[in-house]
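Visitor: Could you walk me through this one, taking a single residue as the way in and then moving outwards?
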Amino acid sequence: MSGHRMVVPLAVLGFLAVGVVSRGQTVAVTAPKPETHAAFDVADCKTCHEEAVTAVQRTRHGGLEQQCASCHGPLDEHLKSNLEKGEPGPVIKLSKASAGDINKTCLGCHEKANQANWAGSTHDRRKLACTSCHSIHEYKSDHAQLKTARDSENCFTCHPAMRAKSLRTSHHPLREGKIECASCHNPHDSTRPKMIKAEWTTELCLGCHTEKRGPFLWEHAPVRENCVLCHDPHGSNHDKLLVAKLPFLCQRCHLNTRHPGTLYDGTNSASGVNITNRAVEHACKNCHQNVHGGNAPSGPYLGR
Amino acid sequence: MKPTLFIAAIVTLAAATGPLPATAEDFQTGEVNLGVNQLNVDTDSSKFLEYRDVPSGVVAPYFRLFGQKGDFRYDFLGSNIRQDDQRYRVKLGNDKIRVEGDYNEIPHRFGNDGHTLLQETSEGVWQLSNTLQGAFQGAITAAPRPSVNYAFLSKLVGPSLDAANHVDLKLERERGNVAVRLTPTKAFDVRVTYFHERRVGDRSASGTSFGFGNVVELPETVHYVTQDFGAEAQYNGSWGVVRAGLHYNWFNNGIESLSFDNPFRVTDSTDASAYTAPGSGSIGGPSHGLMALPPDNKAWVGNVGATFKLHEPTRTRLNVDASYGDFTQDQSPFIPYTTNTAITPTSNPAAPFVAANPANLPAQHLDGKIKRTSFAATFTSRPADKLSVNARFRLYETTNDTTRLSFPGYTRFDGVWEAIPRISVPYDYKNQRFDATANYDFGEVTLEAGYRHTGFDRSYRETEKTKENAFVAAAILRGGSWALLRASYEKGTRGYEGLEIERSEDGSQVKPGAPANLLAIPAEGGGPVIEKTYASFGCGGSPCNIRFDQAHKKVDKIGANLQLTPGNGNATFAVGYFRTNDDYDQSRYGLLSAKYDTVTVEADWSPGEKTSVYAFYTYEKQVDAQRGRQSGAAVSFTTLDDWTSNVNDKTNSFGAGGKFTLKPEKWYLDLFGRYQEVNGNNDIASPTGGAPELARRPLKVGITGIPAYDDTKIWTLNAELRYQFAKAWTFGLGGFYEEYTISDSNSLVNQHYVPGSFFLVANDGDYKAKVGYVRVSYRW
């Protein structure tokens, strides 16, 4: 994109920024701001909420200056009423709050690092609350205080097709617990398409598959551009997470004379009457192994 | 160290962390699991242990020790101790400094019991005895040429294959991370990281071939090391966040090349045609081959960014990120054109020099350089109480500065010099993306409308630009606290500019000839044959032979998810539908369409604290259509030679499970089951009288579809009964059953030599596994 064409979207962004800020004075949306309350003893809370308080104390939330009041607001009335009337007084119950209010509470401290760009993210726009995935008092994971032992169980709630794909014969080690959805995605992000944790899909994949990074003497242009043209990282029934089986995947682009354009049907398959090495095992890759790019001077066809 | 000893070490560590907590805030807690597994698997399939380890005997599946003393927090965690899939994590520190370490082993087993005639004599060198090579060569050269066919060769190698080496294809990732995080003030945060990953083992090396008729599949020895050093800093203020980071990542391959013997040659010779060796057409070739393995490479990536809280009442944010990366590959030496010492100007007149001499290469290594820059800006705000707007702009650009290298030719499969000059092609591209959405809350209903533009500029490709514009709409409907519907729809169109279709195939050809790829035939100006070919496409004057990553495309996506939580909220019922349809509406060849539909129904129910159950069912349907044309030496111009492939994969997945407290603080039962069945079919067709059909007449079969294209079934049933016999102690008895079957049209079974190829045929197929275990758990 030439310089002047970049100006248009940037101008739109700038216009929105100026316009919104100047208009926004009339709107009153209370930002969560921790208030300072009279000192109280967390043991008072524990009297009635032992399990919840103990769980919190074993997390970094346990070190918060305002303890329970950090999220539940002023507790004076709540405690006073309990002491005087035997009935708990008013308290902010986040379990009854709207997603927006819950998120404001959490972002009061957490709007930084991975959560710095929660606002406007797809999950924000779909009205998810922090507590849709995280639990302060009853977390099941050994990191990130998730409501489930693994993050995928959370994600599959709204993304069931990904659960089904994860069960495919060719899959990343998600169901074995060796990677997580959050290995590749930042569910709090609003800045990157598909919330991936890299500037570009290919860079994300190359984070683990560094041997394919190159640059190579003989490049394969679509490979350099985008891994998901050929692979489905969420799972596939074809070898190597491919979106289609070889040789048909290659024949989506390579319909050359002689063997690339030739039809390989059931007669040529592993159970066929006329097995050919162009259609079984690695098919095209039996010879063109370096589909991700090759460094052999005699390999312009991505062979060896 | 045995698991039991390891647990003893953990207990010692627990004691060493100090006396029991002295204050109310201090605590120390943990858990140790020990157990015994009994395993029964009916086959040697690698699939059962693909990414895990399930050993028989004593196991230590889990431990964790964590606590706090003063402001010092510690957390030690380990799983699958001393197994191939072991993992350990440690976190130490306080609010000012934190150290985190993680060590994770990830096995990847590709197949067991593969058969090969060759043996690894040193790392990356696969050989077979000269005696055997000589015997095979002698038998082939002595036989009348026409009799050197599959039957002859199969009989020749059969006895040796029966006594072949058996190899398991298995890779292990040993991944370690260390991070030190300094937080001198609440606002400022610095993180220094180091990552080290070693990948060792073998995977299948396809591509080790001596001609289209002499493929020799081998284990590729893997010895990779990847390291990354990073530093990141972040400053938080009431106005927002500013951040910066720098990473240096480098990959080293401990083995630069794979050397492998040619089973059928003990001496080097040239071969006029590398297509058919060692069949009836030719019997020559090299005595051994060499394959360049992935070269060392390096990457520097730096980024700066900031998120500004422009106006808090409207929750207005502007995020800006800029990043620069530098990727190089300039250390690993090139392998020579060939290992075949017979390819000389004397014996192979087309060869300009002794091709096996690396001094004849135009360079000794690549000067590979790719720079990439990215810039992103995101704006979000709620300018009115019920209105929110979001806009994003993103630019990602790669600049491939790799020096172009010209070659006077190349050796084909080490058999013959091909005097076809080639030049390397440093592809690069630029992507721009802009999207904007606006949401408005109408009480119980939120509506969203949006627009997205995605553009690509590409070098050395058949199109200069592609542009995709899409409109999106979404809705959220809330029915009180018991119903929630989220739905979205997207409609987009992609087009292209600057089409020079013949560039799709001749990029690396110094002297391009007539296009040989059906998808590289220009619409006009290519001579009568090409014009006739193009006319046969049947799509008028519009180009309709463009590759699918650039072709004109219509995209439709629809998704809806309804969640119902009736009554007192102890049950949830959900149904979801998602469809994506990529229609390459102007394409006549190549990929024509790809459609994916899925429906999910799921429910969970927790009638009380003692019971919770759930179940799900998902149906998926993937339908892909493509068309090709079979050609001989020149591009065919008759539609009789066309063929079509329509793949239809249907997948049914369901699962159910429950957690039951049979007697509080005594007896617990967990049950879980899951099943997936994929039924794939490739419906293939081609007209009667065309080349594909005529080729099958001697076989007395017609064009044949592939009904068992990629069929799989997997069952998993788990059960665990636990008895809490003391406050801290639990005894568990459990097990799981798994059954896996696969029928894949590409996968051979027990055939290690098929026409033109030696294959390892390592077993990654069916299995039935029964695992029983007991566990003792202690928590404190």
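Guide: Bear in mind that this is a predicted model.

Visitor: Which helix is B:Lys532 in?
Guide: B:Lys532 lies in helix H5 of chain B, which covers residues 527–537. The face of H5(B) turned away from its buried side carries B:Lys532 together with the exposed residues B:Pro528 and B:Ala535.

Visitor: And which residues of H5(B) are buried?
Guide: Those are B:Thr533, B:Tyr534 and B:Phe537. They cover an arc of only 95° around the axis, which means that they sit on the same side of H5(B). As background, an α-helix has 3.6 residues a turn, so residues three or four places apart point the same way.

Visitor: What comes after H5(B)?
Guide: H5(B) is followed by B:Gly538, which has a positive phi, near 75°.

Visitor: Back to the lysine, how far is B:Lys532 from B:Thr638 in space?
Guide: The C-alpha atoms of B:Lys532 and B:Thr638 are 8.8 Å apart in space, although 106 residues separate the two in sequence.

Visitor: Let's change topic to sheets. How are E6, E7, E13 and E14 of chain B arranged?
Guide: These four strands of chain B form an open sheet in the order E6-E7-E13-E14, with mixed pairing. Strand E6 (119–122) and E14 of chain B stand at the edges with a single partner strand each, so one side of each has no neighbour in the sheet. From one strand to the next, the twist averages 25°.

Visitor: How many bridges join E13(B) to E14(B)?
Guide: Five bridges join E13(B) to E14(B), and the two strands run antiparallel. Within this region, B:Phe260 stands opposite B:Gly289 in E14(B).

Visitor: Which residues touch the most other members in the largest nonpolar core?
Guide: The largest nonpolar core has 37 residues, and those that touch the most other members are B:Leu118, B:Val216, B:Leu218, B:Phe260, B:Met291 and B:Phe758. The elements that each supply at least two residues of this core include helix H2 (130–142), helix H3 (150–162), strand E13 (257–261) and strand E14 (288–292) of chain B. E14(B) gives the most to this core, with three residues.

Visitor: What does B:Leu218 touch?
Guide: Leaving out residues up to four places away in sequence, B:Leu218 touches B:Thr116, B:Leu118, B:Trp126, B:Ala205, B:Thr208 and B:Phe260. There is also a second, separate core of 28 residues, and among its members are A:Leu246, A:Leu249, A:Ala283 and B:Ile684.

Visitor: What about E23(B), which strands does it pair with?
Guide: On one hand, 11 bridges join strand E18 (residues 387–400) of chain B to strand E23 (residues 429–442) of chain B, and these run antiparallel, with B:Leu395 standing opposite B:Gln432 in E23(B). On the other hand, E23(B) pairs with strand E24 (residues 445–458) of chain B in the antiparallel sense over 14 bridges, and here B:Arg433 stands opposite B:Thr454 in E24(B). The hairpin of E23(B) and E24(B) has two residues between the strands, and B:Gly443 takes a positive phi near 65° in that hairpin.

Visitor: Moving to chain A, how many helices and strands are there?
Guide: Chain A has 13 helices and zero strands, and 48% of its 304 residues count as buried. Among contacts in chain A between residues at least 6 apart in sequence, 47% join residues at least 24 apart.

Visitor: Why is H9(A) described as largely enclosed?
Guide: Six of the eight residues of helix H9 (residues 151–158) of chain A are buried, so the rest of the structure largely encloses this helix. The buried residues are A:Asp151, A:Ser152, A:Asn154, A:Cys155, A:Phe156 and A:Thr157, and they pack against helix H8 (130–133), H10 and helix H11 (181–184) of chain A.

Visitor: Last one, how many residues of each chain make up the contact?
Guide: The contact takes 105 residues from chain A and 161 residues from chain B. On the side of chain A that touches chain B, the elements giving two or more residues are helix H1 (3–23), helix H10 (160–166) and helix H13 (221–225) of chain A, and H1(A) gives the most, with 10 residues. By class, that side of chain A has 48 nonpolar, 34 polar and 23 charged residues.

Terms used. Residues are numbered from 1 along each chain as its sequence is written. Chains are lettered from A and ligands numbered from 1 in the order in which they are written. This is a predicted model: local features need pLDDT of at least 70, side-chain atom pairs count only at pLDDT 80 or more; totals for chains, interfaces and linings use all residues. Two residues are in contact if their C-beta atoms, placed from the backbone, lie within 7 Å. Ala, Val, Leu, Ile, Met, Phe, Trp, Tyr, Cys and Pro count as nonpolar, Asp, Glu, Lys and Arg as charged, and the others, Gly among them, as polar. A residue is buried if 20 or more other C-beta atoms lie within 10 Å of its own, exposed if 12 or fewer, and partly exposed in between; C-beta atoms are placed from the backbone. A nonpolar core is a set of buried Ala, Val, Leu, Ile, Met, Phe, Trp, Tyr and Cys residues joined through C-beta atoms within 7 Å. The arc is that of the directions from the helix axis to the C-beta atoms. Two strands pair if DSSP finds at least two bridges between them. Axes are lines fitted to C-alpha atoms, for helices over the stretch in contact, and angles run from 0 to 180 degrees between N-to-C directions.
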